[in-house]
Number of protein chains: 2
Amino acid sequence: MDRIDVKILSYLQEDCRMPISTLADKVGLSTSACHRRIKLLESGGQISGYVARLDAKALGYSIEIFVEITLHSQSEDTLEQFERAVQKAPEISECHLMAGQADYLLRVVAKNVADYEQIHRNALSRLPGVAHMQSSFSLRTVRPWAGVPVIQS
Amino acid sequence: MDRIDVKILSYLQEDCRMPISTLADKVGLSTSACHRRIKLLESGGQISGYVARLDAKALGYSIEIFVEITLHSQSEDTLEQFERAVQKAPEISECHLMAGQADYLLRVVAKNVADYEQIHRNALSRLPGVAHMQSSFSLRTVRPWAGVPVIQS
DNA sequence: ATTAAATTCGAATAATATCCGAATACGACC
DNA sequence: GGTCGTATTCGGATATTATTCGAATTTAAT
């Protein structure tokens with residue numbers, strides 16, 4: 001991981017479909033050398049995949065909600081059951097086990113408020129072990145996910 | 001947006017470097033027809049880009065923090081100044097303007113607790129207009145960002 | 001300085017994306 | 001149900017890009 005790898009990661013994190021020859025120019029390498037480094041970053045696990053970014057709004061998902069969830073108990077069994085259910089719920093875009101007041105932080109996108117109400121009733125509140133839920137609505141995304149802050153190490 | 005487009009988006013959201021011919025097989029189209037649809041989804045704004053997913057852990061970022069921020073005032077000027085500063089801070093991976101108690105929700109990744117302390121002191125607390133900050137640590141990512149739940153419309 | 005290993009470069013080859021004309025499917029209207 | 005116009009598809013031709021490989025160069029250690 002030298003400064004060239006950092007540049008490569010940084011560019012690929014913005015646009016992973018640019019031709020390797022273009023990327024090679026940007027970082028000051030030949031195409032083949034750049035290609036070799038990319039393959040090393042892939043096999044080394046620094047790059048975990050390449051994905052299309054979809055525009056939630058363009059697909060009709062106009063609202064985004066962060067949901068803090070508290071469970072009845074923190075027993076291993078309760079957590080496990082809860083997490084298994086989360087994995088199966090396509091309505092949930094992301095889930096973190098948290099330190100602090102709430103046990104979990106979920107992230108949900110919905111088409112509109114009515115759609116969210118439906119998700120809240122039929123999916124979220126039916127997750128096993130839930131004692132309390134608090135929804136926080138995002139009014140506007142100030143800065144969309146900008147990726148890991150790749151800096152020289 | 002028919003069911004084939006939905007399939008295309010769904011596959012590309014998982015892996016955007018698969019050959020179009022492979023994707024075409026999966027969705028039951030010829031390569032050229034599939035290619036045409038992808039271009040339409042790009043120009044139509046449903047696909048906003050293609051990015052490499054980096055593994056934060058593999059790059060030395062072992063912790064992830066959600067930070068709720070309350071400002072001194074909610075005047076347009078205060079918000080604008082704050083947001084401008086957020087855009088310039090590479091330590092901040094994501095930022096939402098929120099409804100509810102806190103004004104903003106930030107997302108930060110850090111190499112370790114000491115690194116986060118430094119970010120907290122030198123970057124976050126120096127953002128203009130901040131009255132109160134509350135950090136919530138993610139202990140474990142139960143379900144990483146799974147993308148927009150693309151469903152037939 | 002000398003050596004060994006790692007990395008680079010450039011060119012050849014293989015794979016993939018893109019373009020285009022012809023054929024097919026689809027919808028609106030009669 | 002038939003007819004027309006439009007949109008979409010298919011398959012092949014071409015252009016671009018990815019990948020491989022040997023030789024040359026750089027790097028790091030002694």
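Let me start with one pair: Glu42(B) and Arg17(A) form a salt bridge, with their closest N and O atoms 3.9 Å apart. A salt bridge here is a side-chain nitrogen of Lys or Arg within 4 Å of a carboxyl oxygen of Asp or Glu. The rule finds six salt bridges across the interface of chain B and chain A.

A word on the source. This is a predicted model, where local features need pLDDT of at least 70 and side-chain atom pairs count only at pLDDT 80 or more, while totals for chains, interfaces and linings use all residues. Residues are numbered from 1 along each chain as its sequence is written, chains are lettered from A and ligands numbered from 1 in the order in which they are written, and side-chain values use heavy atoms, with hydrogens and water left out.

Now the extent of the interface. In chain B, 61 residues are in contact (heavy atoms within 4.5 Å) with 61 residues of chain A. About 5900 Å² is buried between the two chains, and carbon and sulfur atoms give 56% of that. Buried area means the accessible area (1.4 Å probe) that two parts lose on being put together, summed over both. Of the area that chain B buries against chain A, Arg17(B), Leu54(B) and Arg143(B) supply 13%, more than any other three residues.

Last, the strands. Strands are DSSP runs of E, at least two residues, numbered from the N terminus. Strand β5 (residues 130-143) of chain A runs antiparallel to β3(B), and four bridges join them; two strands pair if DSSP finds at least two bridges between them. Arg140(A) stands opposite Leu97(B) in β3(B).
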